[in-house]
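Subject: Structure for your files

Dear colleague,

Here is the structure I said I would pass on. My notes on what was found follow below it.

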Amino acid sequence: MKKIIAVASLTAVLLTSCTPKATTASAPAAAVSTAEQIAQGKTIFENSCGRCHKLPDPAAHTSVQWVGIMNSMAPKAKLTDEQHQWVYDYIVSAKK
């Protein structure tokens, strides 16, 4: 009986340590862009995002919600990581 418990415990430990860790959507770093880059973010937002759909109001979503929206839409707009950051910083700054 002790062997069964020991084997079951060892198996549980091994399975737990081998499973992939959960990933969370990470937000772009807050306000790391310069004023000029934020202005470029506004231009990219208006041109790239507005090309496919009506532009959403930046105040319509929280900063956390924008992370998810940006993470799903930036690849469709073919934004670089840098452009993604600028657009995010513009949206967050426009909310204030």
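In α3, the residues Trp66, Val67 and Met70 are buried, where buried means under 20% relative accessible area, exposed means over 50% and partly exposed lies in between, with a 1.4 Å probe and protein chains only. They sit on the same side of α3 because they cover an arc of only 110° around the axis; the arc is that of the directions from the helix axis to the C-beta atoms. The cover over the buried residues of α3 includes α4.

This is a predicted model, in which local features need pLDDT of at least 70 and side-chain atom pairs count only at pLDDT 80 or more, while totals for chains, interfaces and linings use all residues. Residues are numbered from 1 along each chain as its sequence is written, and side-chain values use heavy atoms, with hydrogens and water left out.

The chain as a whole: the protein chain has four helices and zero strands, in the pattern α-α-α-α along the sequence. Helices (H or I, at least four residues) and strands (E, at least two) are DSSP runs, numbered from the N terminus. Of the 96 residues in the protein chain, 25% are buried. Among contacts in the protein chain with a separation of 6 or more, 73% are between residues 24 or more positions apart; contact means heavy atoms within 4.5 Å.

Next, the aromatic rings. Rings of Phe, Tyr and Trp (its six-membered ring) pair if their centres lie within 6.5 Å, and planes under 30 degrees apart count as stacked, over 60 as edge-to-face and the rest as tilted. By this rule there is one aromatic pair. Phe45 and Tyr90 form this tilted pair, at 5.7 Å centre to centre and 45° between the planes. The pair links distant parts of the chain, with Phe45 in helix α2 and Tyr90 in helix α4 (residues 81-94), 45 residues apart. Both Phe45 and Tyr90 are buried.

Two residues in the loop between α3 and α4 deserve a note. Lys78 lies in that loop and has a positive phi of about 55° although it is not a glycine. Lys78 is exposed, with a relative accessible area of 70%. Leu79 is in the loop between α3 and α4 too, but counts as buried at 15% relative accessibility. Leu79 and Ile44 are 35 residues apart in sequence and 8.8 Å apart in space, C-alpha to C-alpha.

Val32 is in the loop between α1 (2-18) and α2 and is exposed, with a relative accessible area of 52%. Leaving out neighbours within four places in sequence, its contacts are Gln37, Gln85 and Asp89. Val32 and Asp89 are 57 residues apart in sequence, with 7.7 Å from C-alpha to C-alpha.

Last, the largest pocket holds about 210 Å³ of space. Its lining has 16 residues, and the closest to the centre are Ser48, Cys49, His53, Met73 and Ala77. A pocket is an open set of points on a 1 Å grid over the protein atoms alone, where a 1.4 Å probe fits, with protein on both sides within 12 Å along at least five of seven lines; lining residues have an atom within 4 Å of a point. The volume is the space filled by probe spheres set on the points, which are joined across faces, edges and corners. α2 (35-49) and α3 (63-73) each supply at least two lining residues, and the largest share, four residues, comes from α3.

Regards
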